[in-house]
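Please load the model in a viewer and keep the selection panel at hand. The stops below are arranged so that each selection leads on to the next.

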Amino acid sequence: MTTRQCFVHPLMLTLMLLVSPVFICAAESLDTRKIDELFASNPKAFLAYIQSLDSADSVQGLAESDRITLSYYKGVASFARSDYGVAESLFKEVLGSEVGLELKQRTLVSLTNLYQHQGDFYQAFVYGLQLNEDKFNSLSAAARSNGVMAMTLALLESGLYEEANSLLGKLDLSDANAKERCTALFLAAQIAYKGTIDVMPLSEFIQKKQQCADDKQQLYSSLTDYALSLMYLQRGQLAKAEALLQSQQEQALALGYENLTVLWHASELQLAVKQQNQAATQRALATLLPDLKTKAVEHSLEVAQQVYQALAGAYKLLGQPDTAFDYLEQYQQHYEKANNRQLSAALAYHAALMQAAQRKQEIDALNQQANQLQLETALAKAEAENQRLYLLVGSVLVLLLAALVVRSHRVRIKLKERVTYDKLTRVYSRDHFEELLNTALRQAETQQQELGFILFDLDHFKLVNDNHGHQAGDWALQQAANAAKECLRKSDAIGRIGGEEFAIVLLDCNFSQSWALAETVRQAIEALEPEQSGYPFKMTASFGVSSAKACGYHARKLISDADEAMYQAKQAGRNRVKPDEPRDNPLIWLEGPK
C-alpha cells in the first residue's frame with residue numbers, strides 16, 4: 001500500500017508515532033526505534049516489517065511487555081490497512097494490559113483517532129477526554145502534545161472550531177521537534193480557514209510554513225499552503241492565492257497524497273472562477289475532472305464539497321447552467337452530510353463531557369468513603385446526581401440542536417444573499433441578472449410584449465482607480481448604481497455584469513421608451529458630484545440600447561446589439577446613448593412608481 005492509497009487522515013496515523021519511543025522494552029529483539037523510523041519514512045516498508053514480526057518464530061522469546069508493545073504496532077498497521085475491527089481489538093488489548101503511561105497514552109490517542117475516522121465521535125471523545133487525567137501530567141510536554149493534538153483534530157472535525165482553537169492554544173511547543181511544530185501549524189491553519197478564526201497573522205503562517213519546508217516536513221508544508229490558498233480566496237486576495245498555488249504546485253503534487261492533489265486542483269479552479277477568467281477556468285477544469293475518478297472524492301466529505309463547489313462555479317461561468325446545477329446539487333448533498341456529521345459529533349462531545357464528569361464524580365465519591373455505609377450513602381447521592389446530569393445533558397443537547405438549526409438557517413440566507421446581489425453595489429449579481437433576463441424574455445415572447453435592454457459602462461473608470469485608488473473607484477460604482485436605480489420602475493431590473501459594466505432589463509417597454517430611460521440614467525450619472533468622495537474626477541457613462549422584438553427574443557442577440565451600440569457610443573466621444581435618438585421618442589417617460 002502506498003501513501004497515495006491511504007485515505008486515513010495523515011494526522012491520525014502521525015499522532016500515533018509522533019514522538020521518539022520511550023517505552024522500549026527489555027527484550028532487545030524488538031527495535032521500536034527502527035519501527036518508528038520506517039513508519040515516518042516508508043509506510044509500505046513499515047507494513048511489511050510488522051507483518052514479518054507477526055509469526056510464531058518472531059514472537060517466541062519476547063518478553064510479555066514486548067508482546068504488548070508489538071500488539072500496539074500491529075494495531076497501527078491494521079489501522080493503516082483499514083482493518084478497523086482488528087485495530088480496535090488490538091488497541092483495547094493493549095489498554096487492558098499492565099503497560100507504562102507512555103504506551104497507554106499513545107493507545108488512547110490511537111483509539112480516539114480510530115473512532116473519529118469511523119464516525120463514532122462519542123467513543124472518540126470518551127477515550128480522548130481520558131487523556132486529560134492527572135496521571136498523564138508526569139509525561140513530557142512532547143508526549144502530552146500527542147493527546148492535545150488528537151483532541152484538537154476531533155474537535156475540528158466536529159465543527160467545534162472555538163473549542164479546538166482554545167485547546168491548541170494550550171499546547172506547549174517549547175521543546176517540540178519539527179514534526180510536532182508542523183503538525184500543530186497545520187491544525188491551526190485548518191481552524192483558521194474552516195472556522196474563519198484569526199488564529200495568527202497570515203505573515204506568521206507563511207514564516208512558520210517556510211520553516212517546515214526547510215525542515216523537510218513537506219506534507220504539512222503543502223497542506224498548510226492549501227489552507228493558506230483558501231484563506232486568500234476568502235479574503236479576496238486573488239493575486240496572492242494565484243502566486244502561492246503556482247509556486248508550490250510542483251512540491252505539493254510530487255507528494256502523491258491523493259486528497260491533497262484533488263484539493264489543490266479544486267483550489268486552482270475556484271481561483272480561476274473568482275477571477276472570471278474563462279480560459280484559466282477551462283484549463284483548471286480539464287485538470288480537475290480526472291480527479292472525479294479517484295477515491296478521494298468518494299471517501300472524504302471535505303474533498304467532495306470543495307470539488308463540487310468548484311465545478312458548479314466553473315460551469316456557471318462557462319455558460320452551462322444545467323451542468324452547474326447538477327454539481328451544485330451534489331455539493332448541497334455533501335454539505336448536508338457534513339453538517340449532519342458535525343452536528344452528531346458536537347452532540348457526542350457534550351454527551352462525553354457529561355459522561356466524563358459523571359465518571360469522575362463517582363470515582364471521587366468512592367475514594368472519599370472509608371466503609372460500606374459511607375459507600376452506600378455515596379452511591380445513593382451519585383444516583384440522584386446522575387438524574388440531574390441526565391436532565392442537564394438533555395437540556396444541553398436540545399439547546400445545542402436549536403443553535404445549530406438557527407446557524408444552518410442563517411448560512412442558507414447568507415448564501416442566497418451572496419448569490420443574488422453584487423456585494424459592492426447591491427444591484428443584482430451577473431448570474432442572477434442573467435436568470436431574470438431569460439425569464440423576462442420567455443414571458444415577453446409568450447405574450448408578444450415589448451422588452452427593452454440597456455447596457456452601460458462608466459467612462460475612463462480605469463483612470464479613476466489608477467489616479468485615485470480603489471476606494472474612489474468603489475465609490476463611483478456605488479453612486480452610479482444608486483443613480484440608475486432611482487430612475488427605474490419597480491418592474492425593471494439592474495445588474496452588475498462586469499467590473500464597471502451594468503445592464504438593465506425593461507418589461508413592456510419599446511425601443512423609444514428604453515432610449516429615453518437610458519438618456520435619463522446618463523444625465524443622472526453625469527449630475528453626480530465626485531468631489532464628495534474626496535477626489536476630483538468627472539463621472540460619465542456610455543450607453544447602448546436594444547429591444548427584444550428586433551432581436552427575436554434571443555438573449556445573446558439582445559446583449560450583442562446593446563454591446564455594439566455601447567461601443568459606438570464610446571467611439572463617438574463617450575457620455576452618450578447609441579443608437580441615436582429615435583424619432584418617436586416620447587416626451588414623457590413611462591408613468592408608474594419607482
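Contact, throughout this tour, means heavy atoms within 4.5 Å. The model is a predicted one.

**The whole chain**

Begin with the entire protein chain, coloured by secondary structure. It holds 26 helices and 5 strands. Of its 594 residues, 49% are buried. Among contacts with a separation of 6 or more, 69% are between residues 24 or more positions apart.

**Stop 1: helices H11 and H12**

Select residues 178-194, which form helix H11, and residues 202-214, which form helix H12. Their axes lie 10 Å apart and the helices pack at an angle of about 145°. The crossing of H11 over H12 is left-handed. To display the contact, show Arg181, Cys182, Leu185, Ala188, Ala189 and Ala192 on the H11 side, and Phe205, Lys208, Lys209, Gln211 and Cys212 on the H12 side. Sorted by class, these residues comprise 7 nonpolar, 1 polar and 3 charged.

Which two cysteines are joined by a disulfide? Zoom in on Cys182 and Cys212, whose sulfur atoms are 2.1 Å apart. Since Cys182 belongs to H11 and Cys212 to H12, the pair ties together parts that are 30 residues apart in sequence. The torsion about the S-S bond is -115°, and the link of Cys182 and Cys212 is left-handed. Both Cys182 and Cys212 are buried. The count of disulfides comes to 1.

For two further cysteines, select Cys487 and Cys551. Cys487 counts as buried because its relative accessibility, 8%, is under the 20% cut-off. Cys551 is likewise buried, with a relative accessible area of 5%.

**Stop 2: from H11 to H9**

The axes of H9 and H11 come within 11 Å and cross at roughly 20°. Are the two helices roughly parallel or antiparallel? H9 and H11 count as roughly parallel, because the angle falls under 35 degrees. H9 passes H11 in a left-handed crossing.

Show Ala142, Ser145, Met149, Thr152, Leu153, Leu156 and Glu157 of H9; they meet Glu180, Thr183, Ala184, Leu187, Gln190, Ile191 and Lys194 of H11. This contact of H9 with H11 divides into 7 nonpolar, 4 polar and 3 charged residues.

**Stop 3: from H9 to H7**

H7 passes H9 in a left-handed crossing.

On H7, select Glu102, Gln105, Arg106, Val109, Thr112, Asn113 and Gln116; their partners on H9 are Ala143, Arg144, Asn146, Gly147, Ala150, Leu153, Ala154 and Glu157. By class, the contact of H7 with H9 has 5 nonpolar, 6 polar and 4 charged residues.

**Stop 4: Ile494 in strand S2**

Move to residues 493-496, which make up strand S2, and select Ile494 within this strand. Is Ile494 buried or exposed? Ile494 is buried, because its relative accessible area of 6% is under 20%. Not counting residues up to four places away in sequence, Ile494 touches Val427, Tyr428, Phe433, Phe456, Ala484, Lys485, Leu488, Ala503 and Ile504. Draw a distance between the C-alpha atoms of Ile494 and Ile504: these are 10 residues apart along the chain and separated by 4.4 Å.

**Stop 5: backbone exceptions**

Most residues other than glycine have a negative phi, and most peptide bonds are trans. The remaining selections depart from these patterns.

Select Ser82, in the loop between helix H5 (64-80) and helix H6 (84-95). Ser82 is not a glycine, yet its phi is positive, at about 70°. Ser82 is partly exposed, with a relative accessible area of 39%.

Next, go to Arg574, in the loop between helix H26 (555-571) and strand S5. Its phi is near 70°, again a positive value in a residue other than glycine. Arg574 is partly exposed, with a relative accessible area of 30%.

Where is Pro579 found? Pro579 is in the segment after strand S5 (577-578). Finish by displaying the peptide bond between Lys578 and Pro579, which is cis, with omega about -5°.

Key:
Residues are numbered from 1 along each chain as its sequence is written. This is a predicted model: local features need pLDDT of at least 70, side-chain atom pairs count only at pLDDT 80 or more; totals for chains, interfaces and linings use all residues. Side-chain values use heavy atoms; hydrogens and water are left out. Helices (H or I, at least four residues) and strands (E, at least two) are DSSP runs, numbered from the N terminus. Buried means under 20% relative accessible area, exposed over 50%, partly exposed in between (1.4 Å probe, protein chains only). A disulfide is a pair of cysteine sulfur atoms within 2.5 Å. A crossing is left-handed if the near helix is turned anticlockwise from the far one by less than a right angle, and right-handed if clockwise. Ala, Val, Leu, Ile, Met, Phe, Trp, Tyr, Cys and Pro count as nonpolar, Asp, Glu, Lys and Arg as charged, and the others, Gly among them, as polar. Axes are lines fitted to C-alpha atoms, for helices over the stretch in contact, and angles run from 0 to 180 degrees between N-to-C directions. Angles under 35 degrees count as roughly parallel, over 145 as roughly antiparallel, 65 to 115 as roughly perpendicular and the rest as oblique.
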